[in-house]
Amino acid sequence: MADTNRAPLSDWQTIWEKIARWYSVRDSGRIEDFVRQRPLIAKVLADAIDELPKYFGPQLDVELECVTDPEYEEDDQLFAYIRTSLPAEDALKRLDQLDEDWFLAKISQLDGAFNFNLQFV
């Protein structure tokens, strides 16, 4: 029986290459496995490549990191850290606007396994 939760290999390779080119990726093997098992997250990451610059500008660095909640070791979460030197208030307003305009419509489908966050540099 085919695994319907995964994208076909050729589609997956194209999606992953796009994600890996645009995002900074810590522990790429772990993140690739995590995202491959969750095609909705892969789609959000790919779509975010067009959305994030609208709020944070074209010179954007976003780092993916997979973290394990110590209370629930079997439940990893993926975070996309938007690295910014904007003043905190401005960056938070932009993140809130991204949420309202685009991300909140998607987050309920992701089962708490993915979110955007800010990292101030």
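**Legends: Glu51 and the chain around it**

**View 1. Glu51 in helix 3.** Glu51 counts as buried because its relative accessibility is 15%, buried being under 20% relative accessible area, exposed over 50% and partly exposed in between (1.4 Å probe, protein chains only). This is a predicted model, in which local features need pLDDT of at least 70, side-chain atom pairs count only at pLDDT 80 or more, and totals for chains, interfaces and linings use all residues. Residues are numbered from 1 along each chain as its sequence is written, and side-chain values use heavy atoms, with hydrogens and water left out. Helix 3 covers residues 39-56.

**View 2. Contacts of Glu51.** Apart from neighbours within four places in sequence, Glu51 touches Leu98 and Trp102; contact means heavy atoms within 4.5 Å. Across the chain, 66% of the contacts with a separation of 6 or more join residues 24 or more positions apart.

View 3. Helices (H or I, at least four residues) and strands (E, at least two) are DSSP runs, numbered from the N terminus.

**View 4. Extent and burial of the chain.** The C-alpha trace spans about 50 × 35 × 25 Å along its principal axes. Of the 121 residues, 35% count as buried.
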